[in-house]
Amino acid sequence: MKRLNKIVNVTQPSLPDLDEFIIYLREIWNSKQLTNNGSFHQEFEKQLADFLGVKYISLFANGTLALISALQVLRISGEVITTPYSFVATTHSLWWNGIKPVFVDIDPESKNLDPLKIEAAITPRTTAILPVHVYGNPCAVDEIQKIGDIYGIKVIYDAAHAFGVTLNGDSLLNFGDLSILSFHATKTFNTIEGGAIVCHDENTKKRIDFLKNFGFADEVTVVAPGINAKMNEIQAAYGLLQMNSFRNQVIKRKEIANIYRSLLQDVKGISYHEDIKNVKHNYSYFPIFIDEDEFGISRDELYFKLREKNIYGRRYFYPLISEFPAYRGLASADSEKLPIAERVAKQVICLPIYPELTLQTVETIVNHLKGLSLSF
Ligand SMILES: *Cc1c(COP(=O)(O)O)cnc(C)c1O
């Protein structure tokens with residue numbers, strides 16, 4: 001089989017219409033307001049809250065600063081329970097706050113923090129749970145909230161993958177005390193770099209907005225040692241335009257996901273996620289999980305062979321965060337305590353998925369996959 005003549009990456013960012021963007025850029029050039037809660041920032045915040053179906057949202061320069069700030073907003077300290085199966089920024093945000101991460105294993109189906117294993121990890125120093133809606137699939141939000149309520153600890157969701165996802169018709173971002181979004185170029189919804197915190201009351205929103213602007217409550221009052229994590233006007237203008245195309249992009253992503261599913265269903269040793277009832281997905285990622293014995297070759301062999309064919313999947317998430325030097329010395333990082341996460345990290349490849357990916361390319365990718373398997 002021939003290799004693809006151009007590299008197909010796991011994702012490709014969607015950009016807004018350039019002519020429309022230039023109109024907004026002209027306005028910015030004329031007003032000379034570049035940042036500090038300008039009119040595009042205000043408009044984007046307002047429209048985005050409506051678009052997502054949340055009460056309050058605060059825009060950020062990126063998702064990592066939003067995560068770091070969210071922990072400051074709620075004065076989280078001591079120990080926080082989190083998942084090793086995520087992007088490193090989830091745990092790094094704890095480290096930047098001097099908080100000790102406590103890793104808990106994941107559920108084999110959802111790949112999210114296993115709610116049944118959280119309680120055993122709670123100590124008198126635990127102040128919060130930081131779960132991740134991995135691939136945009138909802139965490140066990142009700143079970144996690146119950147634990148939060150019983151123990152009096154906060155729940156902060158890393159919802160970097162969950163833009164636009166709903167559960168029973170309600171935004172997934174409405175669960176927990178706070179949710180964090182990322183609008184990085186590689187995410188389903190991008191503002192080049194960008195992020196946000198979703199909260200549920202006006203006072204918390206105010207506190208978030210102080211903290212992302214050095215702690216300024218007004219011209220002469222600094223209420224906290226804040227940071228500079230503001231989104232600028234150019235990003236906000238770009239973001240405003242991105243909302244126009246998002247719904248159509250999700251439809252295209254869904255088509256691609258369904259084609260992958262139908263073409264892969266008879267391949268032994270490959271499993272993938274099905275849509276979940278009551279969930280509106282965003283199809284950010286299309287992870288497949290390789291059972292080496294049944295498929296015939298290991299995940300890594302498959303990963304590198306696909307690269308030879310110009311198919312650049314990604315091993316999201318491998319290695320586990322708990323395996324990196326900063327964290328592997330922690331008692332909770334012991335791989336024997338994280339058997340499911342260990343296994344999944346060795347099995348996963350996220351296949352290319354983005355709105356402009358042609359159905360023909362999807363077929364070619366699957367044909368290459370089949371060509372490497374035992375069953376074809
Ligand atoms: C992308 C991502 C982040 C970081 O967001 P940035 O905007 O890149 O800083 C955090 N957590 C998860 C799970 C992510 O995928």
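This is a predicted model: local features need pLDDT of at least 70, side-chain atom pairs count only at pLDDT 80 or more; totals for chains, interfaces and linings use all residues.
Two strands are said to pair if DSSP finds at least two bridges between them. Strand 7, covering residues 166-167, is joined to strand 8 by two bridges, and the two run antiparallel. Within this pairing, Thr 166 stands opposite Ser 171 of strand 8. The sheet to which they belong is open and has three strands, in the order 8-7-14 with antiparallel pairing. Its edges are strand 8 (170-171) and strand 14 (279-280), each of which pairs on one side only. Ser 171, which lies in strand 8, has a relative accessible area of 4% and is therefore buried. The C-alpha atom of Ser 171 is separated by 23 Å from that of Glu 193, a residue 22 positions away along the chain.

A parallel pairing can be found elsewhere in the model. Strand 3 (residues 79-82) and strand 4 (residues 100-103) pair in the parallel sense, over four bridges. Here Ile 81 has Val 102 of strand 4 as its bridge partner. Strand 3 is covered on both faces: Glu 79 and Ile 81 are buried on one side, and Val 80 and Thr 82 are buried on the other. In general, the strands of a sheet pair through backbone hydrogen bonds, and they may do so in a parallel or an antiparallel way.

Attention now turns to charged side chains. Side chains of opposite charge can pair when their charged atoms come close. The structure holds 14 salt bridges. One of them joins the side chains of Asp 114 and Lys 117, with an N to O distance of 3.6 Å. Asp 114 is buried, because its relative accessible area is 8%, while Lys 117, at 34%, counts as partly exposed.

Another salt bridge brings together the side chains of Glu 274 and Arg 261, at 4.0 Å from N to O. Glu 274 sits in the loop between strand 13 (270-272) and strand 14, and Arg 261 in helix 7 (residues 233-264), so this pair ties together parts that are 13 residues apart in sequence. Glu 274 has a relative accessible area of 49% and is partly exposed, whereas Arg 261 is buried at 10%.

Lys 370 and Asp 266 also meet through their side chains in a salt bridge, at 3.9 Å from N to O. This pair links distant parts of the chain, 104 residues apart: Lys 370 belongs to helix 11 (residues 359-371), and Asp 266 to the loop between helix 7 and strand 13. Lys 370 is buried, with a relative accessible area of 15%, and Asp 266 is partly exposed at 45%. Salt bridges can also form a network, as seen for Glu 45, Lys 205, Asp 209 and Lys 212.

A negative patch is formed by Asp 291, Glu 292, Asp 293, Glu 294 and Glu 301. Helix 8 (residues 292-295) gives the most to this negative patch, contributing three residues. Asp 291 is placed in the loop between strand 15 (286-290) and helix 8. Val 222 lies in strand 12, which spans residues 221-222.

Finally, some details of the backbone are worth a look. The peptide bond from Tyr 316 to Phe 317 is cis, with omega near 10 degrees. Another cis peptide bond joins Tyr 318 and Pro 319, where omega is about -10 degrees. Phe 317 is found in the loop between strand 16 (311-312) and helix 10 (339-347), and Pro 319 lies in the loop between strand 16 and helix 10.

Positive phi values in residues other than glycine occur at Arg 75, with phi near 55 degrees, and at Ile 192, with phi near 75 degrees. Arg 75 is placed in the loop between helix 3 (63-73) and strand 3 and is exposed, with a relative accessible area of 67%. Ile 192 belongs to the loop between strand 9 (178-182) and strand 10 (195-199), and its relative accessible area of 44% makes Ile 192 partly exposed.

Notes
Residues are numbered from 1 along each chain as its sequence is written. Side-chain values use heavy atoms; hydrogens and water are left out. Patches are made of residues with over 30% relative accessible area and no salt bridge: like charges are joined within 9 Å, nonpolar side chains (Val, Leu, Ile, Met, Phe, Trp, Tyr) within 5 Å. Accessible areas come from the Shrake-Rupley method with a 1.4 Å probe; for residues, only the protein chains shown count as cover. Lys and Arg count as positive and Asp and Glu as negative; His and the chain ends are not counted. The place of a charge is taken as NZ of Lys, CZ of Arg, CG of Asp or CD of Glu. Buried means under 20% relative accessible area, exposed over 50%, partly exposed in between (1.4 Å probe, protein chains only).
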